[in-house]
Amino acid sequence: MARDTTDGPPTASRRTSTGRAISPPETGDADRVAAVLARLAEADPDPKAAFDRTDPFRLLVTVLLSAQSTGPTVSRIAEALFSEVQDPAGVLDLGEARITEIIRPVGLGPSKARNIVKLSAALMSEFGGAVPQSAAEMRRLPGHRPQERGSHGELRVS
């Protein structure tokens, strides 16, 4: 399984969220991973994501909304937002103030609304309103780089 990150493999100096050190991968790890994946596939052969994946733009915005928020709240608020807009052009027409009103319950509403508008503007100007399909193109979108995240995890774009 290929990774699409800039980080290298785990090293002994890395730690989990509980502070426990992560050991470097050992021989046989691939076999263990394959065994776990096989067991998961057996237990749930057709897993479903919690978010609506019918439209790439909707999924992208929903993921942006999910920072520092719970899944059920995000799903409810995404549904409310997408009952008023369907695409990046609709977001731009609706405007940041109205988007802020709709998404306020997920937390960090003004910041997320600002970033949804910036994301939509970039999609319109650089990709003709479509969500890019490659990882390299996705990285060009506002808010991708970790250094653009605020102290609370929200996306910041200058």
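**Ground rules**

I number residues from 1 along each chain as its sequence is written, and I use heavy atoms for side-chain values, with hydrogens and water left out. Because the model is predicted, local features need pLDDT of at least 70 and side-chain atom pairs count only at pLDDT 80 or more, while totals for chains, interfaces and linings use all residues.

**Entry 1: helix α2**

I started with helix α2, residues 56-65. Helices here are DSSP runs of H or I with at least four residues, strands are runs of E with at least two, and both are numbered from the N terminus. How many of the ten residues of α2 are buried? I found that seven of the ten are, so the helix is largely enclosed by the rest of the structure. I use "buried" for under 20% relative accessible area, "exposed" for over 50%, and "partly exposed" for what lies in between (1.4 Å probe, protein chains only).

I listed the buried residues of α2 as F57, R58, L60, V61, T62, L64 and L65. I then looked up what covers them, and the cover includes α3 (71-82), α4 (88-94), α5 (96-103), α6 (109-127) and α7 (135-138).

T62 has a relative accessible area of 3%, so I noted it as buried. T62 and L81 are 19 residues apart in sequence, and their C-alpha atoms are 9.7 Å apart in space.

**Entry 2: the nonpolar core**

Next I looked up the largest nonpolar core, which has 25 residues. Such a core is a set of buried Ala, Val, Leu, Ile, Met, Phe, Trp, Tyr and Cys residues joined through side-chain atoms within 4.5 Å. Which members touch the most other members? I noted V61, L65, L81, I99, I103, I116 and L123. Helices α2, α3, α5 and α6 each supply at least two residues of this core, and the largest share, seven residues, comes from α6.

Not counting residues up to four places away in sequence, L81 touches V61, L94, I99, I102 and I103. Contact here means heavy atoms within 4.5 Å.

Is K112 buried or exposed? I found K112 in helix α6, and with 2% relative accessibility it counts as buried. Its side chain reaches the backbone oxygen of L65 at 2.7 Å. I read this as a polar contact, a pair of N or O atoms within 3.5 Å; within protein, one must be able to donate a hydrogen and the other to accept it, and residues adjacent in sequence count only if both atoms are side-chain atoms. Leaving aside neighbours within four places in sequence, I also listed the contacts of K112: L64, L65, S66, A67, S69, I103, V106 and G107.

G107 sits in the loop between α5 and α6. Its relative accessibility is 25%, so I put G107 down as partly exposed. G107 and Q68 are 39 residues apart in sequence but 7.3 Å apart in space, C-alpha to C-alpha.

**Entry 3: salt bridges**

I counted five salt bridges, a salt bridge being a side-chain nitrogen of Lys or Arg within 4 Å of a carboxyl oxygen of Asp or Glu.

I looked up R58 and E79, which form a salt bridge with their closest N and O atoms 2.6 Å apart. R58 lies in helix α2 and E79 in helix α3, so the pair ties together parts that are 21 residues apart in sequence. R58 counts as buried at 12% relative accessibility, whereas E79 is partly exposed at 46%.

I next noted the salt bridge of R98 and E84, at 2.5 Å from N to O. This pair links distant parts of the chain, with R98 in helix α5 and E84 in the loop between α3 and α4, 14 residues apart. I also recorded a network of salt bridges that links E84, R98 and E101.

R140 and E126 form a salt bridge too, with the closest N and O atoms 3.2 Å apart. R140 lies in the segment after α7 and E126 in helix α6, so the pair ties together parts 14 residues apart in sequence.

**Entry 4: a surface residue**

Last, I looked up L40, which lies in helix α1 (residues 29-43). L40 has a relative accessible area of 53%, so I noted it as exposed.
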